[in-house]
Amino acid sequence: MKKLIEIYTDGACRGNPGPGGWGVLLRYDSVEKELQGAEPDTTNNRMELTAAIKGLQALKQSSDVRLTTDSTYVKNGITQWLQEWKRRDWKTANKKPVKNIDLWQQLDLVNATHEVEWCWVRGHSGHAENERADRLANQAIDAMLLGK
């Protein structure tokens, strides 16, 4: 059996679009690792997607993963919409191009290298790991805006 890695992700944006950040908490047994980053002009959905991508990319080998996000966009996209988008050559049901296609394609690739259970939690509801990921995302925005 592969080891189970827990990943908690969150994205944040000040304005939408505006300065944004992403945060990731990875946990295996009692070992934890935090990741974060920011972009000067982005959207909340792009930061949510980026957090999930960065979390999965951080894994050195194929793993069993439980990835928890507060983004229904990310969870529904990867578990429900993605296969149809691919079947329709990355078009929505309305024949429009899928938004954030670059990130969806990256997420699709990295998701395929792991066995991922996608979980959703309500944001800002006191879920400890989600709150930590949110803090990481906001710290990344603060650091970027301060030029650090």
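Residues are numbered from 1 along each chain as its sequence is written, and side-chain values use heavy atoms, with hydrogens and water left out. Because the model is predicted, local features require pLDDT of at least 70 and side-chain atom pairs count only at pLDDT 80 or more, whereas totals for chains, interfaces and linings use all residues.

The largest nonpolar core comprises 28 residues. Such a core is a set of buried Ala, Val, Leu, Ile, Met, Phe, Trp, Tyr and Cys residues joined through side-chain atoms within 4.5 Å; buried denotes under 20% relative accessible area, exposed over 50%, and partly exposed the range in between (1.4 Å probe, protein chains only). The residues with the most contacts inside this core are Ile7, Leu56, Val65, Leu67, Trp104, Leu107 and Trp118. At least two core residues are supplied by each of β1 (4-13), β2 (18-28), α1 (44-57), β4 (64-69), α2 (72-87), α3 (101-112) and β5 (115-120), where helices (H or I, at least four residues) and strands (E, at least two) are DSSP runs numbered from the N terminus. Helix α1 provides the largest share, 6 residues. With neighbours within four places in sequence set aside, Trp118 is in contact (heavy atoms within 4.5 Å) with Ala52, Leu56, Leu67, Val74, Lys75, Ile78, Thr79, Leu107 and Asn111.

Helix α3 has 12 residues, and at 1.5 Å a residue it should span 16 Å, in agreement with the 16 Å between its end C-alpha atoms; the expected span is 1.5 Å times one less than the number of residues. Buried positions in α3 are Leu103, Trp104, Leu107, Asp108, Val110 and Asn111. These buried residues pack against α1, α2 and β5.

In the whole structure, 11 salt bridges were found, each defined by a side-chain nitrogen of Lys or Arg within 4 Å of a carboxyl oxygen of Asp or Glu. One of them joins Glu34 and Arg132 (2.8 Å, N to O). This pair links distant parts of the chain, 98 residues apart, with Glu34 in strand β3 (residues 31-42) and Arg132 in helix α4 (residues 128-145). Glu34 is partly exposed at 44% relative accessible area, as is Arg132 at 22%. A network of salt bridges links Arg27, Glu32, Glu34, Glu129 and Arg132.

A salt bridge between the side chains of Arg46 and Asp102 has an N to O distance of 2.8 Å. Arg46 belongs to helix α1 and Asp102 to helix α3, so the pair ties together parts 56 residues apart in sequence. Arg46 is partly exposed, at 22% relative accessibility, and Asp102 is partly exposed at 35%. By contrast in placement, Arg87 and Glu84 both lie in helix α2, 3 residues apart, about one turn of the helix. The closest N and O atoms of their salt bridge are 2.6 Å apart. Arg87 is exposed at 59%, while Glu84 is partly exposed at 32%.

Asp70 occupies the loop between β4 and α2. Although buried, Asp70 has no salt bridge, and the nearest side chain of opposite charge, that of Arg122, is 9.9 Å away; Lys and Arg count as positive and Asp and Glu as negative, with His and the chain ends not counted. The side chains of Asp70 and Asn130 are joined by a polar contact of 3.4 Å. Such a contact is a pair of N or O atoms within 3.5 Å; within protein, one must be able to donate a hydrogen and the other to accept it, and residues adjacent in sequence count only if both atoms are side-chain atoms. Beyond residues up to four places away in sequence, Asp70 touches Thr9, Asp10, Glu48, Trp120, Val121, Arg122, Gly123 and Asn130.
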